[in-house]
Amino acid sequence: MSDSSPLPPVRLHPEAELARDALSTPLLSRAALLARWAGPDTRVDAGGQLVEEQLPVAAEVLGLTGEDAAAEASEAWRVAMDTGLVEVVDEQADTVTTGEDLALLTGGSPHDVLAVWLGALESVIADAAVPDLDALIDVMDEGGAVDFSKLDWDPEAEAEFLDGVLGNLYLLTASEDGPGDAPVPLPALAASMIIPGDMGEPTNDVLEQVSDAMMRLDDQFRLLEPIGLVAYQPVDEALMGDMEEGADEPAAPVEENADPVDEPGAPVDETDVSRYGMVRLTPLGLYGLRARLLEAGFEAPAVGDLADKGADALLDAGAGYGSHAALAETEQWLARREPLVAARELLAAARGSDAGAPLRRLRCQQALSLVGAQAEPAVRAVLDDPELGGLARVWLSELGATDVPAPSEDLVFWLTVDTLAAQLAAEGNSEELQALVEGLAQQHSGFFAAAWRVDHPATPEVLEAMGRLHPDKRIAKEARKAAFKARSQQSG
């Protein structure tokens, strides 16, 4: 994932709702309970962890039973220490006290609560990238140091791998063509990190790497679920034996010749693929990963970011949004403004001869459709504007107005080029644009003879695109010749 281009915008739940979710997560609620229990008699070791003889008491305080009770209590205590819910007061006596941040969970704002939760999330993600304790003990030397060469474990690479998987899960959740709130099969996430996008049929070695990655992710998502990052259905225990033995067959279905991030899941029965693990990012997890991405320098917008910005920011940034996100963003922007004032701002921001102007005008027209009839005075005021007059006529006609002045032929051609340029910027060489190009060439036999003369900055680019997209070689050649004439005219 590159931090040079913005990620798809996400729709976040209100902070008050997310804070309630954070407080109810098993791990943070346990950490807070242990912080309230901690006192002068609580003993910790040199690293701040509860001494072994106190773990059963801590587990009892948390109501934990079973063979994992002590380990779960230790994990909750570690989160309490890492987030400042408890603090060491006497390093020589190894005693602790309640930390100042504990009060934020009961008396702080939703933002304060989420800040504590984010600290807990960082602690858990760091733990998830560490091998299990038994593996560490096996390679520990006499001085207590871990020999990483024997462990065959690169801490930095392991952390980057987990960050990459979480980044891909974020992309799938945020993308409008992704599964959204639906769970993602674990094989798809593992394959997204292992299989190159240009690889055909994966080799046995690559499939074995995918299986190994699935096993690691199964362990890691089990750790990440109690902090509320994900909802996780683990790998079926019945499959574990074959996966650990490295069977000749792939451990999980991986769709051939497909980018696993864009095509999550394999073409098999849903019940069957779910046995290999299913993971879904929770609303709280979406908030947490976005916060981490922002901290790492990524541009990770959220719907509502532009609500208090100007119309120019809405139209420029919204041009990179998917249709659903752009609609939601525009609705929030309009909700803060008087309809007529908003319409005037939008129209003013839609002017321009730069490369982004056609798409701004398209987004403006779409936004005005949400304003409705109250925008009519502002739209009528620009009927004679050379850049907005065509947009105004289209919008008024769609509104049902009967007194819309007929456009000149020059304006019709200018608006056609502007619309094609906007579609090209929004969708690239899409099937929809190809159909539009074919329709234009079919309806207007002399289109290219007139189009190259259109005084629009995007005329050469649009005609070149028409030459690429039209399936008829003769018509495509006409388009390319017209593009050459248009470019010569503009450069001359």
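In the predicted model, helix α17 comprises the twelve residues 339–350, which at 1.5 Å a residue should span 16 Å, and the end C-alpha atoms of the helix do lie 16 Å apart, in agreement with that expectation. Within α17, the residues A342, A343, L346, L347, A349 and A350 are buried. Because these residues cover an arc of only 165° around the axis, they are placed on the same side of α17. The packing partners of the buried residues of α17 are α15 (311–318), α16 (323–335), α18 (357–371), α19 (376–380) and α20 (389–399). Just after the helix, G352 adopts a positive phi of about 140°.

The strand pairing involves β5 (residues 278–281), which pairs in the antiparallel sense with β3 (residues 184–185) over two bridges and, also in the antiparallel sense, with β4 (residues 230–233) over four bridges.

With regard to the chain as a whole, 25 helices and five strands are present, and buried residues account for 45% of the 492 residues. Of the contacts between residues at least 6 apart in sequence, 66% join residues that are at least 24 apart.

Terms used:
Residues numbered from 1 in each chain as written. Predicted model: local features only at pLDDT ≥ 70, side-chain atom pairs only at ≥ 80, totals over all residues. Heavy atoms only, no water. Pairing = 2+ DSSP bridges. Buried < 20%, exposed > 50% of the residue type's maximum accessible area, 1.4 Å probe, protein only. Contact = heavy atoms within 4.5 Å. Expected span 1.5 Å × (residues − 1). Arc of directions from axis to C-beta.
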